Amino acid sequence: WTHVAAGWEGTSTAARLIIDGYEAARATNPSFPLTTLNQIESQKLPTQLGSCNGLYDDTVKFRTFEGQIDEFRVWGRALSEQEVRCGRLQSLAGNENGLILYYRCNDAATAQSLCDATGHNLFGLMRSGARCANSDRVSPLTYTTSPSNFGGTLYCTGDTTFTITVT
């Protein structure tokens, strides 16, 4: 599995791409700066995930993403590289601060819509043969850190290493 996060920062007008928790690219366009994100102009053109022909349910034009998406999250703020790195292997509760939309993609294989786990009722419609399936993503079960004993709260930081044994 590869974790991919894309972000936009309104103050710097920079678009970022973060791969497996580390920034892989950052770009701005001075000719057409991203100063604001626009609202959807037409409900006939909803957000498309992994498809540019999703409106047509056309499986023969092959303009869809051929792969698997385990989860899809939309945030109302730009997450830091560290936040992405620390949260990329975690499933969320759905009530995290700033989380606008969260598709876990755990719906039944026969489902035609994706349930929004945030409670905002932003349901997704699967098209072009998309379906939910059991994930083969494997999250690490053991971690290597030290010290072996501590009494404080664990925080994910880039400069601290802990070893935790899970049995």
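Biologist: Which residues are linked in a network of salt bridges here?
Modeller: Arg 16, Glu 23 and Arg 26. A salt bridge here means a side-chain nitrogen of Lys or Arg within 4 Å of a carboxyl oxygen of Asp or Glu. Keep in mind that this is a predicted model, where local features need pLDDT of at least 70 and side-chain atom pairs count only at pLDDT 80 or more, while totals for chains, interfaces and linings use all residues. Residues are numbered from 1 along each chain as its sequence is written, and side-chain values use heavy atoms, with hydrogens and water left out.

Biologist: How far apart are the N and O atoms of Glu 23 and Arg 16?
Modeller: That salt bridge comes out at 3.6 Å, N to O. Glu 23 also pairs with Arg 26, and there the closest N and O atoms are 3.0 Å apart.

Biologist: And is Arg 16 buried or exposed?
Modeller: Arg 16 is buried because its relative accessibility is 7%. The cut-offs are under 20% relative accessible area for buried, over 50% for exposed and partly exposed in between, using a 1.4 Å probe on protein chains only. Glu 23, at 32%, is partly exposed, and so is Arg 26, at 43%.

Biologist: Where does Arg 16 lie?
Modeller: In strand E2, residues 14–19. Helices (H or I, at least four residues) and strands (E, at least two) are DSSP runs numbered from the N terminus. The Arg 16 side chain also reaches the backbone oxygen of Leu 79, at 2.4 Å. That's a polar contact: a pair of N or O atoms within 3.5 Å, where within protein one must be able to donate a hydrogen and the other to accept it, and residues adjacent in sequence count only if both atoms are side-chain atoms.

Biologist: What else is Arg 16 in contact with?
Modeller: Leaving aside neighbours within four places in sequence, the list includes Ala 5, Ala 6, Gly 7, Ser 80 and Glu 81. Contact means heavy atoms within 4.5 Å.

Biologist: How many salt bridges does the structure hold?
Modeller: Six. One of them joins Arg 73 and Glu 71, with the closest N and O atoms 2.6 Å apart. Arg 73 is partly exposed, at 22%.

Biologist: Which residues make up the largest nonpolar core?
Modeller: There are seven: Leu 101, Tyr 103, Cys 105, Ala 111, Leu 114, Met 126 and Cys 132. A core is a set of buried Ala, Val, Leu, Ile, Met, Phe, Trp, Tyr and Cys residues joined through side-chain atoms within 4.5 Å. Outside its four-place neighbourhood in sequence, Met 126 contacts Ala 111, Leu 114 and Cys 132, among others.

Biologist: What about the surface, which residues make the nonpolar patch?
Modeller: Val 74, Ile 100 and Leu 122, covering about 190 Å². Patch residues have over 30% relative accessible area and no salt bridge; like charges are joined within 9 Å, and nonpolar side chains (Val, Leu, Ile, Met, Phe, Trp, Tyr) within 5 Å. Ile 100 sits in strand E5, residues 99–103, and is partly exposed at 35%.

Biologist: Which side chain reaches the backbone oxygen of Ile 100?
Modeller: Thr 118 does, at 3.4 Å. Thr 118 lies in the loop between strand E6 (113–114) and strand E7 (124–125), and is buried at 14% relative accessible area.

Biologist: Last one: where does Thr 2 lie?
Modeller: In the segment before strand E1 (4–9). Thr 2 and Asp 20 are 18 residues apart along the chain, with their C-alpha atoms 6.0 Å apart. Beyond its neighbours within four places in sequence, Thr 2 contacts Ile 19 and Asp 20.

Terms used. Accessible areas come from the Shrake-Rupley method with a 1.4 Å probe; for residues, only the protein chains shown count as cover.
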